[in-house]
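Trainee: I have a protein model open and would like to learn how to read it. Could we go through it together?

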Amino acid sequence: MTEKLSAELLEIFDNVKRNYSEITENIYAAAEKSGRKPQDITFLAATKTVEPKIINYAVSLGLKYIGENKVQELLSKYDEYDLENCDLQFIGHLQTNKVKQLIGKVSMIQSVDSFKLAGEISKQSVKNGVTTDILLEVNIGREENKSGVLEEGLPELLEKCAALDNIRVRGLMTIPPICDNKTEICKFFDKMNKLFIDISAKTLDNVSMDFLSMGMSEDYQEAILSGANMVRVGSRLFGARIYR
Ligand SMILES: *Cc1c(COP(=O)(O)O)cnc(C)c1O
């Protein structure tokens with residue numbers, strides 16, 4: 001590295017390193033406690049507002065999955081990600097008219113909550129000759145003004161998505177309501193796990209229920225204990241977000 005690292009950046013790296021080992025250790029412990037293997041849990045880092053050099057530092061520590069939640073931000077950072085060593089996904093709310101900018105750049109879109117959106121992902125994937133993995137986002141807390149399909153709408157959405165070309169449904173994702181305590185949030189996680197298990201029992205073409213993506217900085221361990229096999233952790237890894 002020729003660039004001289006500033007003291008500030010070195011301190012950030014130090015913190016990220018410490019946080020990374022702490023989180024991976026916690027993931028390992030929660031996996032074992034829930035009767036699964038540590039390698040069965042995917043640790044995805046939510047990288048919004050984080051500079052590429054810091055993201056890439058985390059990748060150098062072993063981080064394999066990163067997720068952005070804004071199309072514009074992803075595109076502006078795209079050339080700088082170390083994509084030879086990590087897999088880039090999209091985890092935020094997605095407008096149909098922005099889909100074409102993402103296709104071919106991300107391996108998975110975690111936030112599909114309408115047939116319209118899935119249809120556009122399919123159309124753009126066909127156009128580009130790629131297959132895009134998607135997760136269906138569930139509004140498990142039935143919150144107004146929140147993304148995600150309601151649970152009763154999930155079977156129909158799933159069936160319709162399964163019939164689309166060049167997309168593969170790989171599982172479910174959720175962002176539960178903000179809860180005062182862990183017991184309350186676990187009820188939502190358990191509900192999601194039940195949906196996930198029920199759907200996994202059905203066989204549909206182009207659907208393989210591989211991922212249950214839930215749990216963030218404050219609750220990823222609880223989420224794993226409730227069945228999550230992918231957690232999305234941001235601030236616990238990179239520190240509090242600074243919006244510029
Ligand atoms: C930011 C973000 C996260 C991570 O949030 P933290 O609380 O910082 O861990 C997870 N999922 C999505 C969709 C996000 O946008």
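What follows is a set of questions and answers about this model.

Trainee: Before we start, what kind of model is this?
Mentor: Residues are numbered from 1 along each chain as its sequence is written, and side-chain values use heavy atoms, with hydrogens and water left out. Local features need pLDDT of at least 70, side-chain atom pairs count only at pLDDT 80 or more, totals for chains, interfaces and linings use all residues, and the model is predicted.

Trainee: Let's begin with the ligand. Which pocket does the ligand take up?
Mentor: Here a pocket is found on a 1 Å grid over the protein atoms alone, as an open set of points where a 1.4 Å probe fits, with protein on both sides within 12 Å along at least five of seven lines. A molecule sits in a pocket if more than half of its atoms lie within 2 Å of its grid points. The space taken by the ligand is the largest pocket.

Trainee: Why does Thr42 count as buried?
Mentor: Thr42 belongs to strand β1, residues 42-46; strands (E, at least two residues) and helices (H or I, at least four) are DSSP runs, numbered from the N terminus. Leaving out residues up to four places away in sequence, Thr42 touches Tyr65, Phe211, Asn229, Met230 and Val231, where contact means heavy atoms within 4.5 Å. Buried means under 20% relative accessible area, exposed over 50% and partly exposed in between, with a 1.4 Å probe and protein chains only. Thr42 is buried because its relative accessible area is 10%.

Trainee: Which elements do the buried residues of α2 pack against?
Mentor: Helix α2 spans residues 52-61 and is mostly covered, with 7 of its 10 residues buried. Among them are Pro52, Ile54 and Tyr57. Their packing partners are α1 (7-33), β2 (65-68), α3 (71-77) and α9 (235-238).

Trainee: Which residue has its side chain joined to Arg170 by a polar contact?
Mentor: Arg170 is in strand β6, and it counts as buried because its relative accessibility is 17%. Beyond its neighbours within four places in sequence, Arg170 is in contact with residues including Met108, Asp133, Ser208 and Phe211. The polar contact between side chains is 2.7 Å, and the partner of Arg170 is Asp210.

Trainee: Which backbone oxygen does the side chain of Asn166 reach?
Mentor: Asn166 lies in the loop between α6 (154-162) and β6 (167-174). Its relative accessible area is 26%, so Asn166 is partly exposed. Among the residues it touches are Ser122, Ser125 and Thr132. At 3.0 Å, its side chain reaches the backbone oxygen of Val130.

Trainee: Is Asp205 buried or exposed?
Mentor: Asp205 sits in the loop between α7 (182-200) and β7 (207-213). Asp205 and Ala163 are 42 residues apart in sequence and 7.6 Å apart in space, C-alpha to C-alpha. With a relative accessible area of 63%, Asp205 is exposed.

Trainee: What is the phi of Asn206 near?
Mentor: Most residues other than glycine have a negative phi. Asn206 is in the loop between α7 and β7, and it is partly exposed because its relative accessibility is 37%. Its phi is positive, near 65°.

Definitions and conventions. On a 1 Å grid over the protein atoms alone, a cavity is a set of points where a 1.4 Å probe fits but cannot get out, and a pocket is an open set with protein on both sides within 12 Å along at least five of seven lines; lining residues have an atom within 4 Å of a point. A polar contact is a pair of N or O atoms within 3.5 Å; within protein, one must be able to donate a hydrogen and the other to accept it, and residues adjacent in sequence count only if both atoms are side-chain atoms.
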